[in-house]
Amino acid sequence: MNNRIVIKMVFGALFLAAAMTLSAQTEKKPEMLTKETFLEKVWDFDKNPTEFVYKGDKPCVIDFYADWCGPCRKIAPYMEEFMKTYSGEIYVYKINTDQQKELAAMFQARNIPMVLFVPMKGQPQKTVGAYPKEQYQQMIETILLGKPAAQ
């Protein structure tokens with residue numbers, strides 16, 4: 001085989017691999033929380049069970065979901081979009097209620113999707129059910145970012 005063809009094929013493969021890696025890096029998904037990461041990043045209820053004390057350095061949204069839940073699948077793209085739209089302003093986390101039963105029970109996530117809005121100060125606020133994207137966005141703006149409610 002001609003050396004030029006081999007070189008072109010190698011460079012083509014390298015370019016494709018680099019493009020796929022860059023694409024995978026830009027398509028980030030919300031972080032999945034386990035009990036351990038929840039205790040570390042959100043609230044250590046083992047050490048402080050009676051008072052919610054948020055541990056993060058930015059407000060967060062936590063989406064309690066299950067893979068089999070249709071409404072959960074409907075709002076999942078919203079959470080990914082919020083992660084990009086509010087990058088640097090909030091964290092977006094997910095908790096699989098089938099895998100993290102203790103966290104689901106703690107927040108009484110019996111009906112899903114359940115979305116928890118955790119401000120820097122004060123108590124978390126939750127919604128249950130699938131809402132339009134604009135309604136979640138308004139909750140992020142008012143509850144987490146302290147902006148006035150849209151009229």
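This is a predicted model: local features need pLDDT of at least 70, side-chain atom pairs count only at pLDDT 80 or more; totals for chains, interfaces and linings use all residues.
User: What makes up the protein chain in terms of helices and strands?

Analyst: The protein chain has five helices and five strands. Along the sequence they follow the pattern α-β-α-β-α-β-α-β-β-α.

User: In what order do the five strands form the open sheet, and what is the pairing called?

Analyst: The order is 1-3-2-4-5, and the pairing is mixed. Strand 2 (residues 60-65) and strand 3 (residues 91-96) run parallel, whereas strand 4 and strand 5 pair in the antiparallel sense.

User: Which strands are called edge strands, and what makes them so?

Analyst: They are strand 1 (31-32) and strand 5 (125-128), each of which pairs on one side only.

User: How do you know that strand 2 and strand 3 pair?

Analyst: Two strands count as paired if at least two bridges are found between them. Six bridges join strand 2 to strand 3, so the pair meets the definition. Within this pairing, Cys60 stands opposite Tyr91 in strand 3.

User: How do you know that strand 4 and strand 5 pair?

Analyst: Four bridges link them, and the definition asks for at least two, so they count as a pair. Met114 stands opposite Val128 in strand 5. The two strands also form a hairpin with six residues between them, and Gly122 in the turn has a positive phi of about 95°.

User: Which helices lie against these strands?

Analyst: Helix 3 (residues 70-85) packs on the sheet and touches strand 2, strand 3 and strand 4 (114-118); its direction makes about 160° with that of strand 2. Helix 5 (residues 133-144) lies across strand 2, strand 4 and strand 5, running at about 25° to strand 4.

User: Why is Thr97 called buried?

Analyst: A residue is buried when its relative accessible area is under 20%. Thr97 has a relative accessible area of 9%, and therefore counts as buried. Thr97 is found in the loop between strand 3 and helix 4. Leaving aside neighbours within four places in sequence, Thr97 is in contact with Phe64, Tyr65, Ala66, Ala104, Ala109 and Ile112. Over the protein chain, buried residues make up 36% of the 151 residues.

User: Why is Gln108 called partly exposed?

Analyst: The class of partly exposed residues lies between the buried limit of 20% and the exposed limit of 50%. Gln108 has 47% relative accessibility, so the term applies. Gln108 is placed in the loop between helix 4 and strand 4.

User: What makes the phi of Gln108 worth noting?

Analyst: Most residues other than glycine have a negative phi. Gln108 is not a glycine, yet its phi is positive, at about 50°.

User: What kind of peptide bond joins Ile112 and Pro113?

Analyst: The bond is cis, with omega about 0°. Most peptide bonds are trans. Pro113 has its place in the loop between helix 4 (101-106) and strand 4.

User: Which residues line the largest pocket, and how is the lining divided by class?

Analyst: The lining consists of Trp43, Phe52, Met106, Phe107, Gln108, Leu116, Gln123, Pro124, Gln125 and Lys126. By class there are six nonpolar, three polar and one charged residues. Lys counts as charged, which places Lys126 of the lining in that class. The space in the largest pocket is about 160 Å³.

Definitions and conventions. Residues are numbered from 1 along each chain as its sequence is written. Side-chain values use heavy atoms; hydrogens and water are left out. Contact means heavy atoms within 4.5 Å. Axes are lines fitted to C-alpha atoms, for helices over the stretch in contact, and angles run from 0 to 180 degrees between N-to-C directions. On a 1 Å grid over the protein atoms alone, a cavity is a set of points where a 1.4 Å probe fits but cannot get out, and a pocket is an open set with protein on both sides within 12 Å along at least five of seven lines; lining residues have an atom within 4 Å of a point. Grid points are joined across faces, edges and corners, and a volume is the space filled by probe spheres set on the points. Buried means under 20% relative accessible area, exposed over 50%, partly exposed in between (1.4 Å probe, protein chains only).
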